[in-house]
Amino acid sequence: MHARNFTPFLFLKLAGMSSSDSETLSDGLDFYQVKPAPTAAEQPVEPPKPKLTHAERVAKYREAVDKAKLNLDEIQKLAHQGVPDELRAVYWKILLGYLPTDKSLWEETLKKQRQLYSQWHLDLIVNPRKELEEREAEEKKKQEENEELEEIMPSDHPLSRSSGSEWNEYFKDSDMIYEIEKDVSRTFPHLHFFQLQSAVVSPSNQKLNKLHAKTRITTAEDPLTTNIHYQALRSILFMWAKLNPGIAYVQGMNEILAPIYYIFANNSDLTWQEHAEADAFFCFTNLMSEIMNNFCKSLDSSRVGIKEKIKELNNLLKEKDPELWYHFDTLQLDPQFYSFRWLTLLLSQEFELPDTMRLWDCLFSDKSRFNHLLNVCVAMIVIKREDFLSYDFANSLKTLQKYPPIDINNLLALADEVADKNYRASSFLLPSEKPQAQAQASGSIMNALTGAWGKLLKF
């Protein structure tokens, strides 16, 4: 009995405690009494805040954009929580830098940009046949006035391939229109909105339809000749490609544009709805200025290319869930197999359009765009971790490449947790980390024992 009581008594002395305190201690080496944590019933509970009705929520979000000087931080915080459908168009235009935070400049900005877009349509769509007709008419007039005829340069010939030939430019445009139309015609084909037909075609799209007719066989049912929304997508992508010849058009850009155009074309403000094409063009342009490196193949292996982004995502998964990362690594599941499309298209192909719009509220509100995209991608993997840990290579890849339906709000809530620097999905140690961890643990134990032995000798 004395032998059993010696150890706690000795440590009491070392700790400067009296022997009478031993009544509060256990009868062994676990001599510190631990006070149990309060139960859930004992915890102070704050009454839940009443949930806002839809009308109250819309009013709150509208108030933030009805000020003369907008508070961008406030708008970003609200957008992160999800923007009501009625206000998403104006929020996205602000978040994408199209509308300034000084609301008094909105009307002037919109008028100027919409006029500019119309002018670009006239200037950038080459029609050498029309220009040749105009030139011939001018020469005929000069001939009638006995003026010297201007020599026609060989580069004006339709078969010319010289860099300065308008015919050469015309045929290049025709090829690009063909590539754009292949993708546009496959954009959200299941949505009634994108199947709307119209007998009225704008002058600019009439010119593009002529290019369209030169590149493919057309029929009365051809959607690109009468579908007003597909024509708008085609027009925006063509104009952007003409203004950015270094990249031009790359497959997948239509998937970035379509949600933006859809939001603007469904705006309750009829004036904004009428100018959805022009507004979507400038918002798409601003967004592409941030992500265009993902579409530039020559930059793929550079520090600003898509492969570097994939590497960042893989490292983040390794940090947040080392067990799941190790499982994928053991399966030799290269993150490029699934994350290339995730990152390039901002996850627009992984979810239905309503969920994509809710997701983009979050992404566009990110002050350090698009870092939060990586958090969302990791959350998509972690939220299915139990399934993935039981899957082989084939099932894992199939799930990642065809992501299953999920509650988007739960996913975004987990993404916010992943963004916390202290978040870890598991305490799993990688094999390479175990020796180091064991050495640290042994060192800590040895230090504790050495300290205790020193105090014992003094005692």
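**Close-up views of a predicted model**

Leu-346 sits in the loop between α16 and α17 (helices are DSSP runs of H or I, at least four residues, numbered from the N terminus). This is a predicted model, where local features need pLDDT of at least 70, side-chain atom pairs count only at pLDDT 80 or more, and totals for chains, interfaces and linings use all residues. Residues are numbered from 1 along each chain as its sequence is written, and side-chain values use heavy atoms, with hydrogens and water left out.

**View 1. Leu-346, a residue with positive phi.** Phi of Leu-346 is about 55°, although Leu-346 is not a glycine. Leu-346 is buried, at a relative accessible area of 1% (buried means under 20% relative accessible area, exposed over 50%, partly exposed in between; 1.4 Å probe, protein chains only).

**View 2. Phe-188, in the loop between α7 (166–184) and α8 (203–215).** Phe-188 is not a glycine, yet its phi is positive, near 40°. The relative accessible area of Phe-188 is 11%, which makes Phe-188 buried.

**View 3. The cis peptide bond from Arg-369 to Phe-370.** Omega is near -5°. Phe-370 lies in the loop between α17 (353–365) and α18.

**View 4. The buried residues of α14.** These are Ile-306, Ile-310, Leu-313, Leu-316, Leu-317 and Lys-320. Down the axis of α14 they fall within an arc of 120°, so they line one face of the helix (the arc is that of the directions from the helix axis to the C-beta atoms). They pack against α15 (322–330), α16 (336–344), α18 (371–382) and α21 (408–419) (contact means heavy atoms within 4.5 Å).

Methods:
Helices (H or I, at least four residues) and strands (E, at least two) are DSSP runs, numbered from the N terminus.
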